[in-house]
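Biologist: I am new to this structure and would like to learn how to read its features one at a time. Could we start with the general idea behind each term and then turn to the case at hand?

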Amino acid sequence: MNVPLWIWAVTIGAMVAILALDLVIVDRPWSKTKGPSEFGMRQASWWAVFYIALAVVFGLGVMYFGGTTAGAEYFAGFVTEKSLSIDNLFVFYLLISAFAVPRRYQHEVLLVGIVIAIVMRGIFIVLGAQVINAWSEVFYLFGVFLIWTAYKIVRDHVKGDEDEKDFSQNAVVRLIKRFWPVTEDYHGAKMTVKLDGVRYITPMLLVIVAIGVIDLVFAVDSIPAIFGLTQDAYIVFTANAFALMGLRQLYFLLAGLMDRLAYISWGLSAIMLFIGAKMILHALHENGVPVPEVGIGLSLTVILGVMGITVAGSLLKSGADKRRAEEPERSRSASDSS
């Protein structure tokens, strides 16, 4: 789509306004209780529905003004990024647990993380679009990278490396600790505090830095994936942004379900493998090799199908495991009653 600059400005401005409104409502400056409130399940549910509805309405607008193909590309990109964001949530969960972030401040930490993620992806989108325009053969590189990522996701899952990684002790966090003193406890939402005339940084700053570093890693993975579905920078950016904007609410909704999504890594790996193969076929086609190209309709169907099967299979497995775990207890109860 040929999107004028003013539409870009309006889109970004509207997103900033929505995020600001979200934060103001959570902080509740009109409340007698100072500071942010704890984010409840009901509030998270309503906001999650709101953000998904907003993304769908925006996609319908893209389809109406930009055509069916543009709309399908947006929805395929949105579903892909939303799927990959579940992996983000798992890492955010580990980080927030490792830093023992108080529940009432978790929303602000996640908000800052999402803003950093959107900025990171914006930078990568601009760079990616320039590289694609200058060198179309980059699709080979992106395709191979995604196939390698698919293999790595499954390898780490099978080996159990996902649970062993300590994301809270990355190189940037260690560097900060080396040069600045860190307080043991949180001081509200403050990132620095002055104690006995010495300026300390708080764990709040460290967790935000850790999330920013992880966001950079995720951007490297996700941007090639969505460029495999569309090369329209506006669609790439908005699909990413809308997928990320509701991530905080999904965190509070899915925090208790993280362990139940047993097959999510397999689903993400399958999507990465599919998009990687699609990119290589596209690159071969652009270079005159007579190979079939994968249409956006098929891409959307495959992505939705894989995630649907993955989530359904995970929940079925979780239910079966729960029933098996309860059988000994039921057997003991039956024997005691007899």
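This is a predicted model: local features need pLDDT of at least 70, side-chain atom pairs count only at pLDDT 80 or more; totals for chains, interfaces and linings use all residues.

Modeller: Let us begin with the elements: helices (H or I, at least four residues) and strands (E, at least two) are DSSP runs, numbered from the N terminus. Residues are numbered from 1 along each chain as its sequence is written, and side-chain values use heavy atoms, with hydrogens and water left out.

Biologist: How many helices and strands does the protein have, and in what order do the elements run from the N terminus?

Modeller: The protein has twelve helices and two strands, and from the N terminus on the elements run α-α-α-α-α-α-α-β-β-α-α-α-α-α.

Biologist: Is D196 buried or exposed?

Modeller: Buried means under 20% relative accessible area, exposed over 50%, and partly exposed in between, computed with a 1.4 Å probe on protein chains only. D196 has a relative accessible area of 82% and is therefore exposed; although D196 is not a glycine, its phi is positive, at about 55°. A100, in the loop between α3 (68-98) and α4 (103-134), is likewise not a glycine and has a positive phi of about 50°, and with a relative accessible area of 51% A100 is exposed. In the protein of 338 residues, buried residues make up 45%.

Biologist: Which residues of α5 are buried, and where do they fall when seen down the axis of the helix?

Modeller: Among the buried residues of α5 are V138, F139, F142, L146, I153 and D156. The arc is that of the directions from the helix axis to the C-beta atoms, and the buried residues of α5 fall within an arc of 165°, so they line one face of the helix. On the other side of α5, L141, V144, V158 and K159 are exposed.

Biologist: How does one judge the span of a helix such as α5?

Modeller: The expected span of a helix is 1.5 Å times one less than its number of residues. For α5, with 22 residues, the first and last C-alpha atoms are 31 Å apart, close to the 32 Å expected. The 23 residues of α11 should span 33 Å, and its end C-alpha atoms are 33 Å apart, which agrees.

Biologist: At what angle do the axes of α5 and α11 cross?

Modeller: Axes are lines fitted to C-alpha atoms, for helices over the stretch in contact, and angles run from 0 to 180 degrees between N-to-C directions. The axes of α5 (residues 138-159) and α11 (residues 264-286) come within 7 Å and cross at roughly 165°. Angles under 35 degrees count as roughly parallel, over 145 as roughly antiparallel, 65 to 115 as roughly perpendicular and the rest as oblique, and α5 and α11 are therefore roughly antiparallel to each other.

Biologist: Which other helix packs with α4, and at what angle?

Modeller: Helix α9 (residues 233-245) packs with α4 at an angle of about 165°, their axes being 10 Å apart, and that makes α4 roughly antiparallel to α9.
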